[in-house]
Amino acid sequence: MQLHDVWFVLIAVLWTGYFFLEGFDFGVGVLTKLLARDRTEKRVLINTIGPVWDGNEVWLLTAGGATFAAFPDWYATLFSGFYLPLLLILICLIIRGVAFEYRHKRPEDRWQTNWEHAIFWTSLIPAFLWGVAFANIVRGVKIDENKEYVGSLLDLLNVYSILGGLVTLTLFTFHGAVFTSLKTVGDIRDRSRKLATRLGAATAVLALVFLLWTQVSQGDGKSLIAMIVAVLALVGALGFNLAGREGWSFALSGVTIAAAVAMLFLTLFPNVMPSSLNEAWNLTVTNSSSSAYTLKIMTWCAAVATPLVLLYQGWTYWVFRKRIGTQHIVDVH
Amino acid sequence: MDLALAPETLARWQFGITTVYHFLFVPLTISLAALTAGLQTAWVRTEKEKYLRATKFWGKLFLINIAMGVVTGIVQEFQFGMNWSDYSRFVGDIFGAPLAFEALIAFFFESTFIGLWIFGWDKLPKKIHLACIWMVSMGTVLSAYFILAANSWMQHPVGYRINEERGRAELTDFWLVLTQNTALTQFFHTITAAFLVGGAFMAGISAFHLARKKHVPVMRSSLRLGLVVMIIAGMGTAISGDLLGKVMYKQQPMKMAAAEALWDGEAPAPFSVFAYGDVDKGHNKVAIEIPGLLSFLANDDFTSFVPGINDVNKAEQEKYGPGDYRPNIPVAYWGFRWMIGFGMASLGIGVLGMWLTRRKFLLPPGLRTGEDEVPHLVLFKKPLSPKFANLYWIVALWTMGFPLIANSWGWIFTEMGRQPWVVYGVLRTRDAVSPNVSQAEVLTSMIGFTLLYAVLAVIEVRLMVKYVKAGPPELTEADLNPPTRIGGDDKNPDRPMAFSY
């Protein structure tokens, strides 16, 4: 296995980490409207992700930085090509971060309500758009011989990519609902479990169509295995949720995300961004990657840093492992 | 296309706006993290309550500030791909690595431990909780180092070769990129300047409360800490600035000639303090000059020759082909002066403040109302009129903005002075923009970010003012008796959290 293949896998791992972690905090953001009945319940939901959402978001920055360093052409084509959707995602992430930090800092009702609207929309929009973006990457977009994206914004909005967006949106919301039933106590936990069942059913239908479509149009043996794992894990997550085994349910909704991301990357390989105009213009792991020297340095850095990151981020989840409910919320702003 | 709205111009404006805005929060984040950590350490070691109250007060302002620093930083990373895709293709092999290192080593640290610090008051033992804020501080410094190494490579490219076949620059020596003198001096200069910002911020806000005789014990300690930091950091900034200037004279003679509006080389070369007239047209209407100082700044020697703008332009034309290699001279000239002027003014006010708040100026013991007392700033034996006595507090408050102005101009000077190059001597800015991104797209994002940033600025400043005015919080039982076990050692499972969003 050559280094650029290793980095293809590592970038897939980083995106998996991002979707697994920020997936549930996006989901929790969406649930503030779907699940919470009043402000205190909203705050319970927000506080389940309070200590960790910032660390989760860094997975995106790392995925972006690693793509820049390991596959500069992929990075350049992707972010200049998907300009406006990415702009929208960035604006959402800016408002979202500020919303979490500032919502509770003033007592006025209007102030808090505005930030709560912001949390909902800025969680929902990126959760949808990331699916649109990845579906387009897998499907292939108009890339010319100079590796430039030459399509328009409308080219990015097609049935397949919108379906992809709906899959990530529902999957993340389901993942978030499973997470909140794992992290809360009392009434909100029960309602969260019931909502997770419905969200899980919707996710299953959409994901099955999307994954089958992907498999039929460009899959192979390996991607078929990943797809089967994704579907089985989703069914398992639903089953454990119904049985009230929240930890297992969350682990399996995570496996669903990981397997689905793995499937997308497996169908991509050895391309990183196929061209829909001409196969010869595909961006591949070889024609888009950095030099062997850069990749070697990056590999050393990743080999040392990644286990440490997993260790201390894991420790954070251990420190904040207790469930919370409305009774734990402080009554000050 | 009309040059004013050409995608290159718009992309540069967008980069300038988003970067300068981002950099209003970065230095305060770096310095306040360390200062808050220092105060919390003082509490853990001495158990004096004023230090815990100070930690909570400055910590809260730190959190309001870092929230903006974090979210505006996300834009920076993706902007290279969005607006500068040809730059990314050309230098990604080199420039991407420190960025990835920053994310892997610094950002993860910062963001994970800040979560632990914010929510960990009732979940972590005292010392572990203290370690978390130090980890955050370490993360901010590491992050600055990697990003400055990346920027330094653009100022002075080293450790690379051009791969003609792939049409890009490739890394040959990463260690050299991380340790070249440009990176080290820029890091030294930026970190010291960051602490100047934090010191002035702390001194200014403490002065605000002390002028009203409020929260005296906490604010007196904070004021002295802020002033000490201002003085040390101010001197450090001056020393590192001098070192950086010398490095730049060797590596980017054009930038430094532009900084002086020195059109033709001179030996010895004078330093222009202030020029009246149009610096863009010539160097002839100069009002104040210090003879020989420029030679000294450039070469440690009062008589040496310093090349001028025309000399360097000619040399670069011979080296890189026909073209205009001059940056915007007035921006470089005035940017350089605003940077030094506001930076040195902050240092001066720090020294003055330190002298004025000596023990000697405290009220006599008989007149004091508490253990700590506000200095009444007597310069003379006779008491001053209250208006005059308050002048220092007002000056201290205004000084909060000085290092920020100096920092912003410092970056504008550094980046604009390098034009027309994006990577000095290797890649021109006009060859770095995304060829496939339309004018409308760049315009949309530029307006979008600018409007959003403007709204957020108002929100942030008003929030800061609210919490500054509120002063340090009263301590609760939970604050004074932190848990001794990780995860919290509370037997009562329904007890409210110490902190919640």
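Predicted model: local features only at pLDDT ≥ 70, side-chain atom pairs only at ≥ 80, totals over all residues.
For chain A, an unreviewed UniProt entry lists residues 6-36, 82-99, 119-139, 159-183, 195-213, 225-243, 250-269 and 297-320 under "transmembrane region". Residues 225-243 of chain A are 95% helix and 0% strand, with 27 Å between the C-alpha atoms at the two ends.

The interface is considered next. The size of an interface is often given as the accessible area lost when the parts come together. Between chain B and chain A, about 7000 Å² is buried, and carbon and sulfur atoms give 69% of this area. On the side of chain B, the residues that lose the most area to chain A are B:Arg89, B:Phe108 and B:Tyr501, which together account for 14% of what that side buries. The contact involves 81 residues from chain A and 83 residues from chain B.

Polar interactions also cross this interface. There are 33 residue pairs in polar contact between the two chains, counting pairs with both residues at pLDDT 80 or more. Three salt bridges are found across the interface; B:Arg89 takes part in a salt bridge with A:Glu148, with an N to O distance of 3.2 Å.

In chain B, the elements giving two or more residues to the side that touches chain A are helices H2 (49-83), H3 (85-119) and H15 (439-470), together with strand S2 (168-171). The largest share, 26 residues, comes from H3(B). By residue class, this side of chain B comprises 47 nonpolar, 19 polar and 17 charged residues.

How values were computed: Residues numbered from 1 in each chain as written. Chains lettered and ligands numbered in written order. Heavy atoms only, no water. UniProt positions renumbered as here; feature names shortened; annotations may be inferred. Helix = DSSP H or I, 4+ residues; strand = E, 2+ residues; numbered from the N terminus. Contact = heavy atoms within 4.5 Å. Buried area = accessible area lost by both parts, 1.4 Å probe. Salt bridge = Lys/Arg side-chain N within 4 Å of Asp/Glu carboxyl O. Polar contact = N/O pair within 3.5 Å; in protein donor to acceptor, adjacent residues only side chain to side chain. Nonpolar A, V, L, I, M, F, W, Y, C, P; charged D, E, K, R; others polar.
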